[in-house]
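Colleague: Before we look at particular residues, I would like to learn how features of a model like this are read. Could we take them one by one?

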Amino acid sequence: MTQTLLICIGAQKAGTTWLADYLRNHQQVHVAPVKEVHFFDARFVPQWCAKYEEEMLTEFQRQTVLLTTENCGDPVIQQRLHAMLLRFRMISNPNEYMRFMSWGSQGRPVLFEATPDYSMLGKAGFRFMREIHPDVKLVFLMRNPADRFWSSLTFNRTHNPKFDIEAMFDRLLAREDFMLLADYGRTLQEAESAFGKDRIHLEFYKRLFHQAAVDRICGFAGIGAKPADIRTRSNASRGGENMPTALRARACAAYAHIYRAIAGRFANDLPESWLQDMARFKL
């Protein structure tokens, strides 16, 4: 039986970690041993994503330094280091990707990984992804663009209290990688050129934390549905402050083409917050 490779390609700060946590506890799914694999983006958008392989190497070196005669036999540590070694092999041999994904899967019918930076890929990257395995399917989660951007900024400040949102706001709003992460219409167009529409499942963030949405994703993956913990959020930004109206207006103006592109696809099915922003800021 050919396993299904299910890849969540984003969007960043749109529930990808929560979905990975849910599927990690599903008996029919094997989730990649590294949280975000960064295989396709490191190959096809290296100007923004090659850094992740350098960070993985640094972490591997840090982990090996911590090895002692007492802990070197710990199976958890051994598994973590082995997974990192398998990931490094992909750098020179792309065939190692499927070996990495299937390692420890024990025949589970679905292999899953979630790397939001895959949303930056173009046609060539998505074609390579489609051809790496006979059965590949994508999940793409979309969040109100202004909310997603604000969540990304507050998340950065959570991990770096010196991060100045006001000072960085316009710079990051215009930066190429941030725009690529936000441009859902472009991502869908590029992905569909390689996969078609029937192999891409779309969900809005506002509806993700409902059992019906999880059931739809499980059905798309070809696995049975199981109850989800819809009260808990994973990797959430802390602080909880609302986005100031002036900043929201600037974000919505910068992302106007994204609101319009998705509205064109989901004219009668956009979440209320999208419709409110489009009306409020005349997008």
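Modeller: Helices (H or I, at least four residues) and strands (E, at least two) are DSSP runs, numbered from the N terminus, and A20 is found in helix α1, residues 16–24. This is a predicted model, in which local features need pLDDT of at least 70, side-chain atom pairs count only at pLDDT 80 or more, and totals for chains, interfaces and linings use all residues. Residues are numbered from 1 along each chain as its sequence is written, and side-chain values use heavy atoms, with hydrogens and water left out.

Colleague: Is A20 buried or exposed?

Modeller: Buried means under 20% relative accessible area, exposed over 50%, and partly exposed in between (1.4 Å probe, protein chains only). A20 has 9% relative accessibility and therefore counts as buried.

Colleague: Which residues does A20 touch, not counting those up to four places away in sequence?

Modeller: Contact means heavy atoms within 4.5 Å, and on that basis A20 touches V31 and F112, with residues up to four places away in sequence not counted. A20 also lies 6.8 Å from A114, C-alpha to C-alpha, although the two are 94 residues apart in sequence.

Colleague: How are two packed helices described?

Modeller: They are described by the angle between their axes and the distance between the axes. Axes are lines fitted to C-alpha atoms, for helices over the stretch in contact, and angles run from 0 to 180 degrees between N-to-C directions. Here the axes of α14 (residues 245–254) and α15 (residues 256–265) come within 4 Å and cross at roughly 60°. Angles under 35 degrees count as roughly parallel, over 145 as roughly antiparallel, 65 to 115 as roughly perpendicular and the rest as oblique, and α14 and α15 are therefore oblique to each other. In this pair, C252, A253 and A254 of α14 meet A256, H257 and Y259 of α15.
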